[in-house]
Amino acid sequence: MKKYAVSIILVGIIVILAVVLSGVLIYLKNQPPQSRSLPPVTAVQPLEPDSRIWGLNYPNEYSSLLLTAGNKTPTKYGGSAQQSYLALDPRLVILFAGYSFSQEYNQPRGHQNTLIDIRATKRVTAATHATCYSCKSSDNPGLWSQIGMPAYDKQLFSAMTPKINNPIGCANCHEAGTMRLVITNPAVDTALKAQGIDWRTYTRQQMRSLVCANCHVTYFFSGPDKLLTVPWGDGMKVEDIIKFEDAANTFADWTYPGTGTPIMKSRHPDYELYTAGSTHFNAGVACADCHMPYLRDGAMKYSSHDIMSPLLNPDESCGQCHTDVDDVLARVNTIQEDVHNAKITAEDALVDAIYALQAAVATKNVDPTLLDQARTLHRHAQFMWDFIASSNSQGFHNPDEALRILQNATDLARRAQMMASQAAGDPHLLKTGIYDGMDPKPTPAP
C-alpha cells in the first residue's frame, strides 16, 4: 500500500511538471518578437545603398565598417596591403600571360576601398562590362532589382560608373527593417537553386557564412553580354566546377599564347573551399565568427564590421574559442607555410608544362590528338592551382582540401608536360626547373 501511494505521488508530480512546462512553452510562443532596446532613429528604405543612413540606427557597426578604409596591413602570406602579387611571385606573370592579370594583380584592400581600387586597376579597359562592379558596391542590389542582372551586366563598365556611388555596405548583406542576413546577388541565388538549396531556410548561424558568398565565390562571365555566372550547377567542389565550366561550351577566359589552351580563371572561391568539409565549418563556426568578432561598447554587444584577417586581431577573433592564442598563431603559420610550398611546387610544374606545350605546338608533324589531351590537362591543372592561389587564406580555410587540390594540380601539370613531349616526340621537353633557370625573372606585362 505504501509503495502504491509513493507511485501515485510521483506520477502526480510528473503530471504537474508537464503541465507547468507546457504552460511556459505556450507563454513563450505567444510573446511578441523581441525588439531592440533602443528604437530606430530613422526608417531605412528597402535596398538603401547609402550605409550612412543605416548607420544612424547602428552606429557601432557603421563606425567599424568605416575602419576598413584603413585596412592596409600585410600578413606573412596575405593581408590587405595592396601588394603586387606579380612582384611577390613573378611566376604569375608567366601563368597569366596573354591575360590582364599579367599586367596588374594586387592584394585587395578593405571593403571601403572597393570602388577606388576597381576604377584604378589596369585590368579595366574601354571594353570591360559592368559585371566587374558586381562585388564592389551597395548600389548593386537596388540596380539588380530595378533592371535585372542581365541588363546590368550587358552595359559597359564606363556606362554603369555614374550609377555606382557607394562601396560595399549594409545593403549587400542585410534586409532593411529586419536586418536579416540575405542573399542579394542574383547569380548566387541562381547557383543555389541549381543545387536545390533555398537559402531562406538557413539558420542565422549558417547565414553568417553564406552571406559572404554574395561576393567571396568563384564565377565567370557567360556569353557576349558577360552575364555573371556562379558555376555550382554540378556542385561546389573544384572538380564539380571544372565539369560545369567544361560543359559550358568549354568556357575560357582567354587562350594561352603559344599553347592554344583555353584557360579558366578562378576568383576568390573562399566559400566553396571553406564549406568543403573544413574543420571549422564542420564545427559550426561561421565566417563572421573569425572575421567579424563580437565586441562590446559598454553594455552594447555588436559584431565588428572592420572585416580583416583574424591574424591582425587574434585576441578578439581566435581568442573567442581558443585559450592559447600564441599556439593557434604558430599552427596557422605552419599550415600556411605548407600550403605556400605546395602552391610554388604546382606553379613550377605549370611553367614547365607551358614551355613544353609551346615547344610541341611549334614542332612539325606534332600529334594533334595528344596535343589536345595535353591542353586539357593544362587547363584543369591551372584552374586547380588558381582555385587555391586566388583564395584569401593561403589554404587555412581548409588545409586538407587545399593541399589535396594543389597536389592534383601538380600531377595534372606534369602529365600535361609528358603528353606534350609525347605529342612532339621530343624527350627534351621533359626538362624541369624552367623558372629557376630564368635570369632575369619575368616582369609584369605593359
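Mentor: A residue is called buried when its relative accessible area is under 20%. Keep that cut-off in mind while reading this model, which is predicted.

Trainee: How many residues of α18 are buried?

Mentor: Of the 22 residues in α18, 16 are buried, and the helix is mostly covered.

Trainee: What distance does α18 reach from its first C-alpha to its last?

Mentor: Helix α18 runs over residues 368-389 and reaches 31 Å, close to the 32 Å expected at 1.5 Å a residue.

Trainee: Which residue caps the N-terminal end of α18?

Mentor: That residue is D367. One of its side-chain oxygens lies 2.9 Å from the backbone nitrogen of T369.

Trainee: Now single residues. Is E347 buried or exposed?

Mentor: E347 counts as buried because its relative accessibility is 0%. The residue belongs to helix α17, residues 325-361.

Trainee: Which residues is E347 in contact with, leaving aside neighbours within four places in sequence?

Mentor: The contacts of E347, with those neighbours set aside, are D89, R91, L92, L95 and W385.

Trainee: Where is E48 found?

Mentor: E48 sits in a loop, between α1 (2-29) and α2 (51-57).

Trainee: Why does E48 count as buried?

Mentor: The cut-off is under 20%, and E48 has a relative accessible area of 17%, so it is buried.

Trainee: What does E48 touch, not counting residues up to four places away in sequence?

Mentor: On that count, E48 touches I53, W54 and A171.

Trainee: How far is the C-alpha atom of E48 from that of T131?

Mentor: The two C-alpha atoms are separated by 20 Å, while E48 and T131 are 83 residues apart along the chain.

Trainee: Next, pockets. What shows where empty space is left?

Mentor: The idea is to roll a probe the size of a water molecule over the atoms. Here, the second largest pocket has a volume of about 270 Å³.

Trainee: Which residues lie nearest the centre of the second largest pocket?

Mentor: They are L47, P141, V182, I183 and T184, among the 17 residues that line this pocket.

Trainee: Which helix gives the most to the lining of that pocket?

Mentor: Helix α7 does, with 3 residues. Both α7 (140-147) and α10 (186-194) supply at least two residues each.

Trainee: How do the lining residues of the second largest pocket divide into nonpolar, polar and charged?

Mentor: The lining has 10 nonpolar, 4 polar and 3 charged residues.

Methods. Residues numbered from 1 in each chain as written. Predicted model: local features only at pLDDT ≥ 70, side-chain atom pairs only at ≥ 80, totals over all residues. Heavy atoms only, no water. Helix = DSSP H or I, 4+ residues; strand = E, 2+ residues; numbered from the N terminus. Buried < 20%, exposed > 50% of the residue type's maximum accessible area, 1.4 Å probe, protein only. Contact = heavy atoms within 4.5 Å. 1 Å grid on protein atoms, 1.4 Å probe; cavity = no way out; pocket = protein on both sides within 12 Å on 5 of 7 lines; lining within 4 Å. Points joined across faces, edges and corners; volume = space filled by probe spheres on them. Nonpolar A, V, L, I, M, F, W, Y, C, P; charged D, E, K, R; others polar. Expected span 1.5 Å × (residues − 1). Polar contact = N/O pair within 3.5 Å; in protein donor to acceptor, adjacent residues only side chain to side chain.
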